[in-house]
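The sequence and structure come before the description.

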Amino acid sequence: MRGLGSIDSLSSILEGLARRLGLESKLLESRLRRNWGSIVGEPIASNTWPDQIRYKKLYLLVHNSVWLHQLTFLKPTLIHKLNSVAGGELLTEIVLRVGEIPSRAAASTTTHPIDGDFTVSEVALAEASSHVSAIRDPDLRLRFTEVISKYPQAPTPPEWGPSRVP
């Protein structure tokens, strides 16, 4: 049992929870989209857009091939800057692709709201409850359970056994 001197901060609880649920890259992706202009500066932000993060690779949409060529030389600097924003080494590579850059107004509406009308399954609720069991305050524990259980679960890959052929 924990003593009174070992109270965890809310941010450390959320970071641990995100790490256990595998949500670190999605949270970083959301933070990058929300603060892209202030992170990389207006000239780069107006010609690029963080599309997605997969396997520690940031897929960055670039306005045209001229910007793609220029950003090729800035990759190490961008990776260092983005990892400092992330608070750890969550990115190891940047993949540049020429593509359509969404307008800032449209891009802000593509992010999913945390509070929405989601149906919560009993399994999701039970799993969320197990993650927040260490929180002593009942109201805070209930709120965290609601938030965690509403987050859409990633589909699990099929298990291939000896009797099943892909």
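In this predicted model, helix α4 (residues 65-86) spans only 28 Å between its end C-alpha atoms, whereas a straight helix of 22 residues would span 32 Å at 1.5 Å a residue. Helix α4 also bends by about 60 degrees at Leu74. A proline, Pro76, follows within four residues of that position.

The buried residues of α4 are Leu71, Leu78, Ile79, Leu82, Asn83 and Ala86. Their packing partners are the helices α2 and α3 (42-45) together with the strands β1, β2 (57-62) and β3.

Helix α1 (residues 10-21) can be examined by the length test used above. At 1.5 Å a residue, the twelve residues of α1 should span 16 Å, and the end C-alpha atoms of α1 are 16 Å apart, which agrees. Gly16, Leu17 and Ala18 are the buried residues of α1. Just after α1, Gly22 has a positive phi of about 75 degrees.

Leu14 is found in α1 and is partly exposed, at a relative accessible area of 37%. Together with Leu10 and Leu140, Leu14 makes a nonpolar surface patch of about 240 Å².

The next topic is charge pairing. Side chains of opposite charge can pair when their charged atoms come close. Across the whole structure, a search finds three salt bridges, listed below.

| Salt bridge | N to O distance | Location |
|---|---|---|
| Glu29 and Lys26 | 3.7 Å | helix α2 (residues 24-40) |
| Glu29 and Arg33 | 3.4 Å | helix α2 |
| Arg97 and Asp51 | 2.8 Å | strand β3 (residues 93-98) and strand β1 (residues 48-54) |

Lys26, Glu29 and Arg33 are linked in a network of salt bridges. Glu29 and Lys26 are three residues apart in α2, which means that about one helical turn separates them. Glu29 and Arg33, four residues apart in α2, are likewise about one turn of the helix from each other. An α-helix has 3.6 residues a turn, so residues three or four places apart point the same way.

Lys26 is partly exposed at 40%, and Arg33 is partly exposed at 22%.

The side chains of Arg97 and Asp51 meet in a salt bridge with an N to O distance of 2.8 Å. This pair links distant parts of the chain, since Arg97 in β3 and Asp51 in β1 are 46 residues apart. Arg97 counts as partly exposed, at 34% relative accessibility. Asp51 counts as partly exposed too, at 23% relative accessibility.

Notes: Residues are numbered from 1 along each chain as its sequence is written. This is a predicted model: local features need pLDDT of at least 70, side-chain atom pairs count only at pLDDT 80 or more; totals for chains, interfaces and linings use all residues. Side-chain values use heavy atoms; hydrogens and water are left out. Patches are made of residues with over 30% relative accessible area and no salt bridge: like charges are joined within 9 Å, nonpolar side chains (Val, Leu, Ile, Met, Phe, Trp, Tyr) within 5 Å. Accessible areas come from the Shrake-Rupley method with a 1.4 Å probe; for residues, only the protein chains shown count as cover. A salt bridge is a side-chain nitrogen of Lys or Arg within 4 Å of a carboxyl oxygen of Asp or Glu. Helices (H or I, at least four residues) and strands (E, at least two) are DSSP runs, numbered from the N terminus. Buried means under 20% relative accessible area, exposed over 50%, partly exposed in between (1.4 Å probe, protein chains only). The expected span of a helix is 1.5 Å times one less than its number of residues. The bend at a residue is the angle between axes fitted to the seven residues ending there and the seven starting there. Contact means heavy atoms within 4.5 Å.
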